[in-house]
Amino acid sequence: MTEQIFDSVWDALENSPAEAANMKARSGLLIAIRDVVDSWQLTQAEAAKRLGVTQPRMNDLLRGRIDKFSLDALMMLATGAGLTVEWRVVKPAA
């Protein structure tokens, strides 16, 4: 058996580099949003109202159910949480 080493768990789990990149972005956003929401020290219902989502949706976010959130939805939630999201695009080394 050959040992493989990956830069990220997503590189190991996803079928393509594009899918891995999407999951890396989504997981980073989800964690950042969850950290901000946790710092508010509100109930899930209060935090949900603040972000304009339902309490069950907030529960999905706080429980890390990443499969329930698109990159677009997480971008909107991040902005609603007061986060600024910046993207960096890098060309491959020649």
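Among contacts (heavy atoms within 4.5 Å) in the protein between residues at least 6 apart in sequence, 49% join residues at least 24 apart. The model is predicted: local features need pLDDT of at least 70, side-chain atom pairs count only at pLDDT 80 or more, and totals for chains, interfaces and linings use all residues. Residues are numbered from 1 along each chain as its sequence is written, and side-chain values use heavy atoms, with hydrogens and water left out.

**Whole chain**

Along the principal axes, the C-alpha atoms fill a box of roughly 50 × 30 × 20 Å.

Now colour by burial. Of the 94 residues, 31% are buried, where buried means under 20% relative accessible area, exposed over 50%, and partly exposed in between (1.4 Å probe, protein chains only).

**Helix H4**

Select residues 55-62, which form helix H4. Its buried residues are Met58, Asn59, Asp60, Leu61 and Leu62.

Go to the start of H4. A side-chain oxygen of Thr54 comes to within 3.2 Å of the backbone nitrogen of Arg57. At the other end, H4 is followed by Gly64, which has a positive phi, near 75°.

**Gln44**

Select Gln44, in helix H3. Leaving aside residues up to four places away in sequence, Gln44 touches Gln55, Met58, Asn59, Leu62 and Arg63. With Gln55 there is a polar contact between the two side chains, at 2.4 Å. A polar contact is a pair of N or O atoms within 3.5 Å; within protein, one must be able to donate a hydrogen and the other to accept it, and residues adjacent in sequence count only if both atoms are side-chain atoms.

**Gln41**

Finally, select Gln41, in the loop between H2 and H3. Phi of Gln41 is positive, near 55°, in a residue other than glycine. Gln41 is exposed, with a relative accessible area of 73%.

Methods: Helices (H or I, at least four residues) and strands (E, at least two) are DSSP runs, numbered from the N terminus.
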